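Subject: Structure handover and findings

Hello,

Here is the structure we talked about passing on. My notes follow below it.

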Amino acid sequence: MKEKESKKTIYVPDIAKITRIEEVTPTEKLFNIVFEEPKKQEEFSFKPGQFVELTVFGVGEAPFSITSNPNNKEYFQLCIRNIGNVSGALHRMKEGSKVGIRGPFGNGYFPYEKMKNHNVLIIAGGLGLAPLMSLIRYILDSRDDYKEIMIIYGAVNPASILYKEDIGEWCKRDDIRVCLTVDNPDDKWTGEIGVCTNLIPRVDFPPEDTKVVVCGPPVMYKYVVQELEKKEFAPEDVYLSLERRMECGVGKCNHCHIGNKLSCVDGPVFSLWEIKNLKEAI
Amino acid sequence: MLYKILPRDSYQSFVENLIRNFDFIGPKRKDKATHEFTKITSFGELDLSYKKTTIPPAKQILFPSTEEIVEYRREDNSIEFRPVVEHSLKLLFGVHSCDINAINFLDKVFSTDFSDDNYLSKRRNMVIIGTDCEPRETCFCLAMGKEYVTAGFDLFLSELTNRYFVRVATSQGNKLIEKYASGISSAGEKDFKEYNEKIGDFRKKFKLSPDAKSFYDNFDLIYNDEEFWKKVAKNCFSCGSCCLVCPTCFCFNVRDEIELNLKEGKRIREWDSCMIPEYGLVAGGHNFRPTKENRLKQRYQCKLKTFVDKFNTYACVGCGRCIETCLANISIASDIDSVRKEVTV
Ligand SMILES: Cc1cc2nc3c(=O)[nH]c(=O)nc-3n(C[C@H](O)[C@H](O)[C@H](O)COP(=O)(O)OP(=O)(O)OC[C@H]3O[C@@H](n4cnc5c(N)ncnc54)[C@H](O)[C@@H]3O)c2cc1C
Ligand code: SF4
Ligand code: SF4
């Protein structure tokens, strides 16, 4: 006997509406999303680094990091690269379309509490800036709680740079240092060239007074970690977000396991110390 | 736990009563060599002489190979999602200790962090009656500490001379035996003595005895020895059969199916295997476990280490199904010992 129950299970999404779509690069769009039920929207709260599972009707479900400020209660935002089934279908959707949302998920978030009264070094590679945006926006809301903030962001080429407006604003401020670099410059590019790892030697924050957060493609981590270790940052003070294949987001399908941890429930953000104790993590 | 005695004479009528009153699932001969857990409608269909079923009972019933978990509907611009949960009462009869231990393991998986109602509602509505067994060549549950089970069943029947020693683990089990069996009495000294002898003899019959404890620490030392793992995985076809037959493997994929009217659809989960190359593939083409050595090593880690850390138990109950199924003759039991030998030589 199969029953259609009214009680929700962990696999049943809530209905939400795409209220705004903005094309930011040839392959990435930003989606502002609001839950259909006002009460759900009110209650929806998340921490920087957490993600949601998004369903496109008839296509499937995939995890996406939340990029908006946790203080923003009106909507939440995702930044999505057009790369496959679900993401491609989303890119074809219009404002006003409905999607399904489960989450937020991930007990391992960027631990902003621990960053208070310390310098914060943020290292982003490519689409890795998306989850970090949530953290950056959040800590900038209470800028005085933190010491120096430095953001290192590496993109493939100038056209693929995400959040150009926000970056422009940061550059105007004197309380954030922003270092941008691209692998493949165009004629107009006057900034740094090369991978973001190259910029780490310039960091002059004292390791004992600094927290580091890193997010980028899987290949980036090994090299970033090598550079950070040269700077003698303690592994407990370095946080990395690890992307894995996820089919459920709630610790059941097991695809995202890394040793005895699951990226979806124990992560996706882990400290470098935790990662050092896990095989295959980076 | 209550300990009772069911006379041999009452056994058949007890089982027949259960068949009449329950959705009764038990082992049935499928063909010359194989048995499967399936619906039983008469006493004669039940074959408790089975050694092991190819597909373990847990995965036949509680976590089937494909399972609808959500259904959805679209009307113009509105969407509706509804959970699909099955919770009819079933009675599972004739399950062996290793397979009950495997169910206990799955119970932990599906109730930790988040509760998976698709599994748990079936589990909550399942009566389990265990029966004892004879080890086969490939069985090594003893080495894994899974040859005996103390929870997770309602009744457990062990055959003694002219009677059954019945361990009653739940009040539900007690009700069943009081209502449907005649001639029940409490177990006495003589019964316990024969029961203990029987269990003692059973434990002497195992041919395989891999040293699973040695794996936990030695694995770390041998982890980066590429030559060793290449040798171990040399003949693997990456077919994933070892996972499909495993009573504790629970990895699944999720996919959506939509009706031709484009209005109704369902979300389905289906078994996956960590031995298949696509398992670790993410969008963008990066694969976290591109080689078969990576994957086999990972499978052993999952079975023998990961869940020792998480749940303080092995995720291998030593049923030997993967050993019997593997066309490449890969054996987790011999590989456990190879790890130890390699490290101590
Ligand atoms: C925690 C987390 C956060 C993420 N955040 C973002 C984000 O902010 N923005 C963003 O754009 N993306 C993000 N992703 C990636 C995103 O979840 C999807 O993986 C990506 O959008 C591709 O999904 P798709 O359905 O479009 O692609 P598909 O091509 O349909 O792939 C779907 C899934 O199947 C797997 N797959 C691909 N090919 C195969 C195959 N041949 N066989 C079996 N499986 C296959 C992939 O690994 C992928 O996970 C995140 C992922 C994780 C885990
Ligand atoms: S170990 Fe054997 S059963 Fe498992 S994937 Fe390899 S060949 Fe297939
Ligand atoms: S790993 Fe093999 S022996 Fe162990 S429980 Fe699974 S199928 Fe049985």
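Ligand 1 lies between chains A and B. Please keep in mind throughout that this is a predicted model. Around ligand 1 there are 22 residues, and the closest are A:P63, A:C79, A:R81, A:S87 and B:L281.

- A:C79 places a backbone N or O atom 2.8 Å from a nitrogen atom of ligand 1.
- A:V86 has a backbone N or O atom 3.0 Å from an oxygen atom of ligand 1.
- A:G84 has a polar backbone atom 3.5 Å from an oxygen atom of ligand 1.

Next, the interface itself. The size of an interface is often given as the accessible area lost when the parts come together. Between chain A and chain B the buried area is about 4700 Å², with carbon and sulfur atoms giving 58% of that. On the chain A side, A:F57, A:K252 and A:K279 lose the most area to chain B, and together they make up 17% of what that side buries. Chain A puts 44 residues into the contact and chain B puts in 58 residues.

How many salt bridges does the rule find across the interface of chain A and chain B? The rule finds one there. A:E61 forms a salt bridge with B:R267, and their closest N and O atoms are 3.5 Å apart. Polar contacts between chain A and chain B come to 20 residue pairs, with both residues at pLDDT 80 or more. On the side of chain A that touches chain B, at least two residues each come from strand 1 (2-4), strand 5 (60-65) and strand 7 (98-105) of chain A. Strand 7 of chain A gives the largest share of that side, four residues. Sorted by class, the side of chain A that touches chain B has 17 nonpolar, 12 polar and 15 charged residues.

One residue of chain B deserves a separate entry. B:L262 sits in the loop between strand 11 (252-258) and strand 12 (264-271) of chain B. Leaving out residues up to four places away in sequence, B:L262 touches A:F57 and B:R74. A:F57 is also one of the residues of chain A that lose the most area to chain B. B:L262 and B:E75 are 187 residues apart in sequence, yet their C-alpha atoms are 9.7 Å apart in space.

The other two ligands come next. Ligand 2 is surrounded by residues of chain B, including B:C236, B:C239, B:C242, B:M275 and B:C326. Its shell has eight nonpolar, three polar and no charged residues. Ligand 3 has B:C246, B:C316, B:C319 and B:C322 among the residues around it, and also B:R299, B:K303 and B:R321. Helix 10 (292-311) and helix 11 (321-325) of chain B are the elements that give two or more residues to the shell around ligand 3. By class, the shell around ligand 3 has seven nonpolar, two polar and three charged residues.

Then the side-chain pairs. Over all chains the structure holds 52 salt bridges. One of the pairs that meet in a salt bridge is A:K39 with A:E43, at 3.1 Å from N to O. Both residues lie in helix 1 (residues 38-43) of chain A, four residues apart, which is about one turn of the helix.

By the rule used, there are 35 aromatic pairs over all chains. Why is the pair of A:F51 and A:F105 tilted? The ring centres of A:F51 and A:F105 are 6.0 Å apart and the planes meet at 55 degrees, so the pair is tilted. Because A:F51 lies in strand 4 (residues 51-56) of chain A and A:F105 in strand 7 of chain A, the pair ties together parts that are 54 residues apart in sequence.

- The peptide bond from A:G103 to A:P104 is cis, with omega near 5 degrees; A:P104 is in strand 7 of chain A.
- The peptide bond from A:G267 to A:P268 is cis, with omega near 5 degrees; A:P268 is in the loop between helix 7 (263-266) and strand 16 (269-271) of chain A.
- A:Y163 is not a glycine but has a positive phi of about 55 degrees; A:Y163 is in the loop between strand 9 (149-155) and helix 5 (164-172) of chain A.

Regards

Note on methods
Residues numbered from 1 in each chain as written. Chains lettered and ligands numbered in written order. Predicted model: local features only at pLDDT ≥ 70, side-chain atom pairs only at ≥ 80, totals over all residues. Heavy atoms only, no water. Near = heavy atom within 4 Å. Nonpolar A, V, L, I, M, F, W, Y, C, P; charged D, E, K, R; others polar. Contact = heavy atoms within 4.5 Å. Buried area = accessible area lost by both parts, 1.4 Å probe. Salt bridge = Lys/Arg side-chain N within 4 Å of Asp/Glu carboxyl O. Polar contact = N/O pair within 3.5 Å; in protein donor to acceptor, adjacent residues only side chain to side chain. Phe/Tyr/Trp six-rings, centres within 6.5 Å; stacked < 30°, edge-to-face > 60°.
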